[in-house]
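Please open the structure in a viewer and keep the selection tool at hand.

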Number of protein chains: 2
Amino acid sequence: MSNCIVAQSGGPTSVINATVAGVVKANQMNPIYEHVFGGLNGIEGILAERFVDLTDMTEEENRTLQQTPSSALGSCRYKLKRDNPEDFEKLLKIMEKHDVETLFYIGGNDSMDTVAALAEYAEKHNITDRRFVGCPKTVDNDLMHTDHCPGFASAAKFIATTTLQTWLDVNVYPASRKEVLILETMGRDAGWLAASACLSGKVDILILPEEPFDTDVFLKRVKECIDEKSKCYVVVSEGARFADGTYISAGESKNDLFGHAVLGGAGEALKALILETETAPRCKVQDLSTAQRSHATEQSLVDRTEAYRLGLSAHMHTADKTFTGKMVGVKRRDCEEYDVEYFAIDADQVANYVKHFPAEWILPEYRGITEEAYAYLRPLINGTPYITFKDGLPAYVEPYYLR
Amino acid sequence: MSNCIVAQSGGPTSVINATVAGVVKANQMNPIYEHVFGGLNGIEGILAERFVDLTDMTEEENRTLQQTPSSALGSCRYKLKRDNPEDFEKLLKIMEKHDVETLFYIGGNDSMDTVAALAEYAEKHNITDRRFVGCPKTVDNDLMHTDHCPGFASAAKFIATTTLQTWLDVNVYPASRKEVLILETMGRDAGWLAASACLSGKVDILILPEEPFDTDVFLKRVKECIDEKSKCYVVVSEGARFADGTYISAGESKNDLFGHAVLGGAGEALKALILETETAPRCKVQDLSTAQRSHATEQSLVDRTEAYRLGLSAHMHTADKTFTGKMVGVKRRDCEEYDVEYFAIDADQVANYVKHFPAEWILPEYRGITEEAYAYLRPLINGTPYITFKDGLPAYVEPYYLR
């Protein structure tokens, strides 16, 4: 009997560990692998042969792992390059050495590209006994083909809750105090997270990357809100940009190792605009930063359950020895009450594409989102899992990469 | 039978409404007032005769009110000035007109000064049938005489939880990625909130307003952490300052209506320092802003229970017709398991003083807090109340000032 490895990549989420827990539990229920290894720090750690053995994880640890945010196995932003075969050879040798038949890789766009590239490489070299399977995760919700991505709904729930709570906060002072609150969310290319703030019912102005930013329309809308009710609640995605594609965020933009622009500061840019034009005398920015993807005390039960089941599903699919180069995903069922089914798709159909927030779901003049968008978003944040605490704080597993 | 008014002032908290709920419930259990009015927007709204009638609040609304953050009655930053008797005369006339015997005022330093000033004025003018009672609230935990302040513990719990979660987030990448995460908390003059982050057990460097900021020591400590484990977690209070008293926060400082410095940006100032000196190549700032005082899905059960009981206690005290110019507070009992008793103190002993985080609880070189400090903080964040949800979001009462 051979082994498998599960590893995590990219930015963490509140439920990314639930998928690891699912893979481990599936193998306990149907042990098609002798060992389930955890690869530390994604591909980067696997290339350095840094593994832990998760095979016999206790039920208690499994449950605690599901409520632990961020990547318990560690992460990386290391990308296999197709024009550099050395890493591929090395990885396959390491898999052979440890008799690892299947690599489960949990991640976003770039990770699905890694899965596709590895499967292609193996096929090209007639290697039939190594398999590569992707499990989706990203708070950005921008993967193609899957109805939504694990991690998104929990972040969306935290954002909508925080919008509701900080809206209550900014409204407490009398009408004589005119004030704008700007909430900045993640979302480099897709506005899903920012749009989810609308679930609170409190967003006056919503700025998404999908709609070019128009200074005049924005300021007109701020003025309307301030004139009408003396307060204005703005939500902006970090990736908001002008018609020419440049980001509205203040300050210099840098590139990360993959050539993506490093963002932050869209909220501050809007604040400067509002104050400089004297459209409102007071303006505060709330940038949720990494808290939005790691605030796992706010997990959506739907999200956590699906993340876990995607781990189960990925493992179960590999009972079929030809299953490789695939990503598992969720498809919303066409029925009254929210429900999903699980399916698999070629990873190269997901890799390097971005699923944008649909243009037809965006109301004009930054007035938020359509009823269709609400119908899509609402069921995803439903339910709150039971979270266990220790000394007043949520109980978490110690990261495996630090043990 | 006469009436009473309850009102809220200053910055809101996650449990400030629990105190209102307590006053209302106490009068339902022991109706010493015919009506319990809610004064909208604090003294400012009372002076404009903006009231709602809370007397017959249902049990369900009372419970929902207790889990609703921010001031449901609205707030103000209006301060009665002792040298301007007009407001005093006007307020007493309005109380007489509506047969209001007692004003319960929920707030911090400034509100206790209002309570003291009104009681003094009444005494000076031989007005014996109007009474003024303060209930403490402030996330800053800086009121004298009470062991701690309602609102603080829930904010502390959110801060400690967020520290734990974002610490997990910043640590996921391999050691080759050297990175500093700076969490900025509220706390203009007192370091209680920043110190509470230490409950997570993950804070490497803690900067409080109580200890003068020394650039060299700080950078030495950052370097040590980065050299040792490639990551460094810094927590800084917005009120951190140099030995000469100037704030470390970047940008210009302004004053609010009370002459307090308006802060923000201590985290950004530290980030600039770290990057300019190349002490670490990467640095992120997480500024919790108003979310830390309004994130009521993270209420501490201890905090919420005490806030409610302080409302009960304040009302019960006023069965004594001489009870005026007082603030109710909590005193920690000297026993093994955490417990408090409720007491009352002259409001002028609380007004305009600040209770600092004790110097003897601060470890040298920003290494955090002593065991004594932990023993003080730990019991306060215990327990999680049952929160009801609607459509995936916490159920809140509609603010009374918007009805």
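Leaving aside its neighbours within four places in sequence, with which residues is Ser313(B) in contact? The model shown here is a predicted one, and this question provides the opening stop.

**Stop 1: Ser313(B)**

Select Ser313(B), which lies in helix 11 of chain B, residues 301-317. Once neighbours within four places in sequence are set aside, Ser313(B) is in contact with Val328(B) and Tyr342(B). Is Ser313(B) buried or exposed? Ser313(B) counts as buried because 24 other C-beta atoms lie within 10 Å, where the threshold for a buried residue is 20 or more.

**Stop 2**

Select residues 266-276 of chain B, which form helix 9. The buried residues of this helix are Ala266(B), Gly267(B), Ala269(B), Leu270(B), Lys271(B) and Ile274(B). To see what covers them, display strand 6 (179-185), helix 8 (215-229), strand 8 (231-237) and strand 11 (283-287) of chain B, which are included in the cover. Just after helix 9 of chain B, Glu278(B) takes a positive phi of about 55 degrees.

Now keep strand 6 of chain B in view. Six of its seven residues are buried, and the strand is thus mostly covered. Strand 6 of chain B runs parallel to strand 8 of chain B, and seven bridges join the two; Glu179(B) has Lys231(B) as its bridge partner in strand 8. Strand 6 of chain B also runs parallel to strand 11 of chain B, to which five bridges join it. There, Ile182(B) has Val285(B) as its bridge partner.

**Stop 3: a sheet in chain A**

Turn to chain A and display its open sheet of seven strands, in the order 3-2-1-4-5-12-13 and with mixed pairing. Which strands stand at the edges? Strand 3 (51-53) and strand 13 (340-346) of chain A do, and each has a single partner strand, so one side of each is left without a neighbour in the sheet. On average, neighbouring strands of this sheet are turned by 30 degrees against each other, direction ignored.

Within the sheet, select strand 1 (residues 3-8) and strand 2 (residues 36-39) of chain A, which run parallel and are joined by four bridges. Ala7(A) stands opposite Gly39(A) of strand 2.

**Stop 4: the two domains of chain A**

Colour chain A by its domain assignment: domain 1 comprises 3-150 + 297-352 + 384-402, and domain 2 comprises 152-294. The C-alpha centres of the two domains lie 32 Å apart. Where the domains meet, 22 residues of domain 1 are in contact with 19 residues of domain 2. The side of domain 1 that touches domain 2 has six nonpolar, nine polar and seven charged residues.

**Stop 5: the contact between the chains**

Finally, show both chains together. How many residues does the contact take from each chain? It takes 48 residues from chain A and 48 residues from chain B. On the side of chain A, the elements that give two or more residues are helix 6 (152-170), strand 11 (283-287), helix 10 (291-294) and strand 15 (393-394). Helix 6 of chain A provides the largest share, nine residues. By class, the residues on the side of chain A that touches chain B divide into 18 nonpolar, 21 polar and nine charged.

Terms used:
Residues numbered from 1 in each chain as written. Chains lettered and ligands numbered in written order. Predicted model: local features only at pLDDT ≥ 70, side-chain atom pairs only at ≥ 80, totals over all residues. Pairing = 2+ DSSP bridges. Axes fitted to C-alpha atoms, helices over the stretch in contact; angles between N-to-C directions. Domains from an automatic or database assignment. Contact = placed C-beta atoms within 7 Å. Nonpolar A, V, L, I, M, F, W, Y, C, P; charged D, E, K, R; others polar. Buried ≥ 20, exposed ≤ 12 C-beta atoms within 10 Å, placed from the backbone.
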